[in-house]
Amino acid sequence: MAETQAAVRLREYETIFLVKPDLTDDNVDRLKERVRGIVSREGGKVIRFTVWGKKKTLYPIAKQPRAIYVHTHYLGNSKLVAEVERNLRNLDEVTRYLSVKLADEVDPESRPVLEDVKMAGDVEETRPGAPEREASFRGEPVDEAGEAEEEGTEEA
């Protein structure tokens with residue numbers, strides 16, 4: 001009897017993790033290589049790493065208003081995702097992470113390994129030539145002296 005080996009099918013995942021903004025490019029590369037090693041050790045396949053760069057977060061995370069965003073796209077099983085997240089949880093440099101399953105039953109041979117991408121990220125808030133906007137916390141218009149205009153609510 002000729003037994004045909006069933007083709008290995010993996011799930012497609014992406015994990016986005018936030019890294020402290022004061023890390024150097026070398027340290028971010030070390031984190032990428034650590035995740036790449038975990039994925040290959042657990043029988044997965046890394047498709048691409050994309051470093052989105054330093055961006056402003058919606059709210060301060062670990063007392064920092066900015067973070068370096070790293071996007072990982074890979075194939076593997078659910079145990080692999082648990083192992084990647086366990087390692088990210090134990091790293092002090094990583095402040096947040098989120099993993100999402102993109103597809104089931106993906107043939108690893110159909111997904112080529114792509115080159116890693118590094119983006120510039122956001123420009124700093126104090127870029128030259130940007131108009132400075134000031135407003136009071138109540139949303140009232142601000143006059144040129146920097147004081148919020150009041151609508152005569154003072155009592156005599």
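**View 1. Helix H1 lies across S1, S2, S3, S4 and S5.** In this predicted model, helix H1 (25-41) runs at about 130 degrees to S2, where axes are lines fitted to C-alpha atoms, for helices over the stretch in contact, and angles run from 0 to 180 degrees between N-to-C directions. Helix H2 (78-90) lies across S1, S3 and S4 and runs at about 170 degrees to S4. Helices (H or I, at least four residues) and strands (E, at least two) are DSSP runs, numbered from the N terminus. The protein chain holds two helices and five strands, and from the N terminus on these elements follow the order β-α-β-β-α-β-β.

Residues are numbered from 1 along each chain as its sequence is written, and side-chain values use heavy atoms, with hydrogens and water left out. Because this is a predicted model, local features need pLDDT of at least 70 and side-chain atom pairs count only at pLDDT 80 or more, while totals for chains, interfaces and linings use all residues.

**View 2. Five strands form an open sheet with mixed pairing.** The strands stand in the order S4-S1-S3-S2-S5, and two strands are taken to pair if DSSP finds at least two bridges between them. The edge strands are S4 (94-106) and S5 (117-118), each of which pairs on one side only. Strands S1 and S3 run antiparallel and are joined by nine bridges, and Ile16 stands opposite His71 in S3. Strands of a sheet pair through backbone hydrogen bonds, either parallel or antiparallel.

**View 3. Val70 and Val84 touch the most other members of the largest nonpolar core.** This core has 21 residues; a nonpolar core is a set of buried Ala, Val, Leu, Ile, Met, Phe, Trp, Tyr and Cys residues joined through side-chain atoms within 4.5 Å. The elements that give two or more residues to the core are strand S1 (10-19), helix H1 (25-41), strand S2 (45-61), strand S3 (64-76) and helix H2 (78-90), and the largest share, five residues, comes from H1. Not counting residues up to four places away in sequence, Val84 touches Val35, Ile38, Val39 and Tyr74, a contact being heavy atoms within 4.5 Å.

**View 4. Lys32 is a buried residue of helix H1.** Lys32 counts as buried because its relative accessible area is 9%, and buried means under 20%, exposed over 50% and partly exposed in between (1.4 Å probe, protein chains only). Leaving aside neighbours within four places in sequence, Lys32 is in contact with Phe49, Val51, Val70 and Asp116. Of the 156 residues of the protein chain, 31% count as buried.

View 5. Ala103 and Leu10 are 93 residues apart in sequence, and their C-alpha atoms are 8.8 Å apart in space. Apart from neighbours within four places in sequence, Ala103 is in contact with Arg11 and Glu12.

View 6. Phi of Ala62 is near 55 degrees, and phi of Lys63 is near 65 degrees, each a positive value in a residue other than glycine. Most residues other than glycine have a negative phi. Lys63 counts as exposed, since its relative accessibility is 80%.
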